[in-house]
Amino acid sequence: MIHDAPTASYFSQPALPKADAADLARAVQVLHRRAGIILGDHKKDMAARTLGLRAHHAGSSTVRAYLDYLEQNPQADEWDRFISAFTINHTAFFREQHHFRILADFVRKRRKPISVWCCASSTGEEPYTLAMTLHDACGQSETGLSVLATDIDTHALAQARKGVYTLDRVKPVPPEFLKRYFLRGTGRQAGMAMIKPLIRNMVTFEELNLVAPSWPVNQKFDAIFCRNTMIYFDKPTQTRILERFVPLLKPGGLMFAGHSENFTYLTKSLRLEGQTVYSVA
């Protein structure tokens with residue numbers, strides 16, 4: 001027997017709350033005030049749908065009520081989901097590989113302890129790449145080597161701490177590093193790879209908002225990686241963040257930026273040393 005096709009209402013989903021122009025303008029201000037993120041006009045359609053989805057999942061009947069809830073509850077967990085919805089956790093192992101070659105050459109000439117800060121760690125691929133690079137460059141010894149990995153997205157940090165990735169995600173890892181620093185999953189974990197404890201123990205993951213009035217950072221670093229992050233901020237915010245990096249670099253330390261980022265015109269405190277690599281002027 002052939003049944004009649006189900007009506008559209010059978011599959012219908014509850015209508016999402018709609019964001020009007022006032023909601024969008026308010027969301028832009030809230031996002032900038034909380035995380036420093038600039039939401040361009042070209043992203044309005046995406047922003048409207050994102051706000052509707054977040055309002056729906058948070059149980060708010062309108063976007064206005066959702067934004068009211070956020071502003072009235074500054075410690076709410078929903079803030080993490082709200083900010084994450086407007087950021088892109090695009091990352092990969094050994095992304096912009098030339099930076100890791102430069103770092104390896106650099107740390108070979110440095111005295112231990114050697115510390116590196118990855119200030120937009122996302123789901124962990126970059127800080128683990130840094131840890132592997134340090135370990136390999138410094139005689140395959142983890143003594144005196146550390147990576148601080150921070151991000152505003154607590155959900156990405158939770159995933160990063162696990163150190164577990166699909167085999168497809170670890171394809172950029174050199175074969176010798178894959179053999180030395182990863183465990184391959186079997187049974188229920190088939191198709192997965194896990195960072196070995198040796199490397200995981202070198203990395204400390206912490207939540208940090210780069211536009212917060214203060215940073216919970218009480219050490220200096222041989223290198224700071226802040227790559228493909230400044231694109232979310234306006235120029236004054238970028239300048240403030242860069243100026244705050246300077247006193248956190250050890251003498252002769254380096255700061256690494258993303259391939260499309262140029263900071264030479266934002267601050268005189270940093271001097272371009274090579275391809276998106278800076279030192280204190």
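This is a predicted model: local features need pLDDT of at least 70, side-chain atom pairs count only at pLDDT 80 or more; totals for chains, interfaces and linings use all residues.
Trainee: Why are α2 and α3 called roughly perpendicular?

Mentor: Helix α2 (residues 21-35) and helix α3 (residues 44-57) pack at an angle of about 90°, their axes 10 Å apart. Angles of 65 to 115 degrees count as roughly perpendicular, so α2 and α3 are given that label.

Trainee: What makes up the contact of α2 with α3?

Mentor: From α2 come D23, L24 and A27, which meet K44, A47, A48 and L51 of α3. By class, this contact has five nonpolar, two charged and no polar residues.

Trainee: What makes β6 and β9 the edge strands?

Mentor: The open sheet has seven strands in the order β6-β2-β1-β7-β8-β10-β9, with mixed pairing. Strands β6 (203-207) and β9 (270-274) each pair on one side only.

Trainee: How do you know that β1 and β2 pair?

Mentor: Pairing needs at least two bridges, and five join β1 (residues 114-118) to β2 (residues 145-151). The two strands run parallel. As one example, C118 has A149 in β2 as its bridge partner.

Trainee: Which angle does α6 make with β8, and what is it called?

Mentor: Helix α6 (residues 98-107) runs at about 170° to β8.

Trainee: Which residues have the most contacts inside the largest nonpolar core?

Mentor: That core has 45 residues, and those with the most contacts inside it include L51, W117 and F245. Helix α2 gives the most to this core, with five residues.

How values were computed:
Residues are numbered from 1 along each chain as its sequence is written. Side-chain values use heavy atoms; hydrogens and water are left out. Axes are lines fitted to C-alpha atoms, for helices over the stretch in contact, and angles run from 0 to 180 degrees between N-to-C directions. Helices (H or I, at least four residues) and strands (E, at least two) are DSSP runs, numbered from the N terminus. Angles under 35 degrees count as roughly parallel, over 145 as roughly antiparallel, 65 to 115 as roughly perpendicular and the rest as oblique. Contact means heavy atoms within 4.5 Å. Ala, Val, Leu, Ile, Met, Phe, Trp, Tyr, Cys and Pro count as nonpolar, Asp, Glu, Lys and Arg as charged, and the others, Gly among them, as polar. A nonpolar core is a set of buried Ala, Val, Leu, Ile, Met, Phe, Trp, Tyr and Cys residues joined through side-chain atoms within 4.5 Å. Buried means under 20% relative accessible area, exposed over 50%, partly exposed in between (1.4 Å probe, protein chains only).
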